[in-house]
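Subject: Structure handover

Hello,

Here is the structure I said I would pass on.

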Amino acid sequence: MQPFTCFMASLLVLATVSATPRLRLETDSDTDFIKASCEATRYADLCFKTLSPFATTVQSSQMQLANLALSVSLKSAKSTSKAVKELLKGRDVSMQDGMAVEDCLENMSDSVDEMRKSVAEMKGLDGPDFEEKMGNVKTWVSAALTDENTCMDGFEENVGKMKETIRGYIVNVAELTSNALALISNIS
């Protein structure tokens with residue numbers, strides 16, 4: 001009776017395992033792919049740090065990696081805009097800082113819009129107009145990067161904590177956008 005019970009228990013376990021959906025586990029090749037791809041970017045360490053948690057999703061797809069990098073950059077640009085807006089709330093800022101922040105917010109809004117267009121365009125890259133659409137994406141992401149860098153131009157003559165705080169936010173999003181552009185450029 002004992003062997004029969006063991007046999008039945010084994011069948012039950014086997015049936016349960018067979019019926020359970022299989023999740024793909026991260027492999028070294030997934031993270032190696034991201035690491036190697038990130039080496040082509042200007043900010044390779046930041047690239048790997050932000051994208052490697054998604055290795056199982058990306059696997060070895062340049063397209064998935066570029067889409068992910070663009071999404072990470074877009075999310076960062078949105079949160080940066082929000083953080084910059086929050087800096088103005090309840091603060092007595094100089095006229096010079098206030099004008100610089102307003103200009104920065106306008107630039108960041110443009111950056112977010114350009115990245116949103118890029119995310120949408122990346123979803124429809126299949127077909128005969130691939131090169132044209134890829135050209136649009138590269139142009140918009142380049143413009144977003146320019147907007148982010150232009151944001152800091154308004155603070156050029158300002159001094160103080162406001163400038164340094166905003167610089168920290170903008171440098172991070174600009175580096176993420178630069179990485180996204182490099183990974184997008186690797187597709188075509």
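Numbering the bonded cysteines of the protein in sequence order, what is the pairing? The pairing is 1-2, 3-4. Please keep in mind that this is a predicted model.

Disulfides

The structure has two disulfides. One of them is formed by cysteine 38 and cysteine 47, with the sulfur atoms 2.0 Å apart. The torsion about its S-S bond is -65°, and the link is left-handed. Cysteine 38 and cysteine 47 are both buried.

Cysteine 104 and cysteine 151 are also joined by a disulfide, at 1.7 Å from S to S. Cysteine 104 sits in helix 6 and cysteine 151 in helix 7; the two are 47 residues apart, and the pair links distant parts of the chain. This disulfide is left-handed because the torsion about the S-S bond of cysteine 104 and cysteine 151 is about -70°. Cysteine 104 and cysteine 151 are each buried.

Nonpolar cores

The largest nonpolar core has 29 residues, and Phe155, Ile166 and Ile184 touch the most other members. Two or more of its residues come from each of helix 5 (62–88), helix 6 (95–122), helix 7 (130–153) and helix 8 (161–185). Helix 6 provides the largest share of this core, with nine residues. There is also a second, separate core of 15 residues, with Val58, Leu68, Val72 and Leu176 among them.

What does phenylalanine 155 contact, leaving aside its neighbours within four places in sequence? With those neighbours set aside, phenylalanine 155 is in contact with Asp97, Ala100, Val101, Cys104, Met162, Lys163 and Ile166. Cys104 in that list is the cysteine bonded to cysteine 151, and Ile166 is another of the residues that touch the most other members of the largest core.

Largest pocket

The volume of the largest pocket is about 170 Å³. Its lining consists of Arg42, Tyr43, Leu145, Asn149, Met152, Arg167, Ile170, Val171, Ala174, Glu175 and Ser178. By type, the lining residues are six nonpolar, two polar and three charged. Which helix gives the most to this lining? Helix 8 does, with six residues. Helix 7 and helix 8 each supply at least two residues of the lining.

Regards

Note on methods: Residues numbered from 1 in each chain as written. Predicted model: local features only at pLDDT ≥ 70, side-chain atom pairs only at ≥ 80, totals over all residues. Heavy atoms only, no water. Core = buried A, V, L, I, M, F, W, Y, C linked by side-chain atoms within 4.5 Å. Buried < 20%, exposed > 50% of the residue type's maximum accessible area, 1.4 Å probe, protein only. Helix = DSSP H or I, 4+ residues; strand = E, 2+ residues; numbered from the N terminus. Contact = heavy atoms within 4.5 Å. Disulfide = S-S within 2.5 Å. 1 Å grid on protein atoms, 1.4 Å probe; cavity = no way out; pocket = protein on both sides within 12 Å on 5 of 7 lines; lining within 4 Å. Points joined across faces, edges and corners; volume = space filled by probe spheres on them. Nonpolar A, V, L, I, M, F, W, Y, C, P; charged D, E, K, R; others polar.
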